[in-house]
Amino acid sequence: MGATYGHLGSAWGISKQAARKKWPGAVDDGSGQPEKITMERYGGVAEITYRPDRCAWSWTAHGGDGTRREAEEAYTVRWVAMSAAEDFLRDHVDLWGDTNVPMALGDPKECWCWDDDAQVQEPISDA
C-alpha cells in the first residue's frame, strides 16, 4: 500500500534494515508481485503465496512443533499475510527442540534434573 521499510520499522520500533530482514518482500520494490515468499522463523517455515485468481495473498506454514496450517482467509496486503504467518510460527515453537529461538530458562539439557536416558524432565515438587 505504498509503505517503505522505513515506515514498517518506525511502526514496529525497529530499523528499516531490521524490518527488511523480518519481512523480506513485504515492500514492493517495483519488480512486480513475487509468486512466493518463504519465511523461516521460530524453528518453522511459512510460504506466503500470491493467488491471482483471488487477487490476494495466502500462507501455508509448518510450525517448529510439527503443526501444519493453511490460512483460513485471503489477505489483500502481502505484509498482513506475512504477519499472520509469523504469528502462527511464533505460536507453534518447539521449546525443547533444536531451534534458534532463545529459551527463557536456558537449555533444559543443562539442568540438574535432565535425564538423558528417559529424556524427560523430572516433575518439580511445590514442597
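User: How many residues does the largest nonpolar core have, and which of them have the most contacts inside it?

Analyst: In soluble globular proteins, nonpolar side chains tend to be buried together. A nonpolar core is a set of buried Ala, Val, Leu, Ile, Met, Phe, Trp, Tyr and Cys residues joined through side-chain atoms within 4.5 Å. Here the largest such core has 21 residues, and those with the most contacts inside it are Leu 8, Met 39, Ala 46, Ile 48, Trp 59, Tyr 75 and Met 82. The elements giving two or more residues to this core are α1 (5–12), β1 (36–41), β2 (44–51), β3 (56–62) and α3 (78–91). Helix α3 provides the largest share, six residues.

User: On what basis are such features listed?

Analyst: This is a predicted model: local features need pLDDT of at least 70, and side-chain atom pairs count only at pLDDT 80 or more, whereas totals for chains, interfaces and linings use all residues. Residues are numbered from 1 along each chain as its sequence is written, and side-chain values use heavy atoms, with hydrogens and water left out.

User: Where is confidence lowest, and where is it highest?

Analyst: The score to read is pLDDT, the predictor's confidence in each residue, from 0 to 100. The protein chain averages 75, and 68% of its residues score at least 70. Confidence is lowest in strand β6 (residues 120–121), at a mean of 48, and highest in strand β4 (residues 68–70), at 91. Over residues 99–105 pLDDT stays under 50, and the model has 11 contacts beyond four places in sequence for that stretch.

User: How many helices and strands are there in the protein chain?

Analyst: Helices (H or I, at least four residues) and strands (E, at least two) are DSSP runs, numbered from the N terminus. The protein chain has three helices and six strands. Read from the N terminus, its elements run α-α-β-β-β-β-α-β-β.

User: What share of the 127 residues counts as buried?

Analyst: Buried means under 20% relative accessible area, exposed over 50%, and partly exposed in between (1.4 Å probe, protein chains only). By that rule, 28% of the 127 residues in the protein chain count as buried.

User: Which residues of α1 are buried, and which exposed residues lie on the face turned away from them?

Analyst: Tyr 5, Leu 8 and Gly 9 are the buried residues of α1. They lie on the same side of α1 because they cover an arc of only 100° around the axis, the arc being that of the directions from the helix axis to the C-beta atoms. The face turned away from this buried side carries the exposed residues Ser 10 and Ala 11. The buried residues of α1 pack against α2 (16–22).

User: Which residues does Lys 22 contact?

Analyst: Contact means heavy atoms within 4.5 Å. Lys 22 is found in helix α2 and, at 25% relative accessibility, counts as partly exposed. Leaving aside neighbours within four places in sequence, Lys 22 is in contact with Ile 14, Met 39, Arg 41 and Glu 86. The side chains of Lys 22 and Glu 86 are joined by a polar contact of 3.2 Å. A polar contact is a pair of N or O atoms within 3.5 Å; within protein, one must be able to donate a hydrogen and the other to accept it, and residues adjacent in sequence count only if both atoms are side-chain atoms.

User: Which residues does Ala 85 touch?

Analyst: Ala 85 lies in helix α3, and its relative accessibility of 0% is why it counts as buried. Not counting residues up to four places away in sequence, Ala 85 touches Met 39, Ala 46, Ile 48 and Trp 59. Ala 71 counts as buried at 12% relative accessibility.

User: What phi does Tyr 42 have?

Analyst: Most residues other than glycine have a negative phi, and most peptide bonds are trans. Tyr 42 has a positive phi of about 55° although it is not a glycine, and Tyr 42 is found in the loop between β1 and β2.
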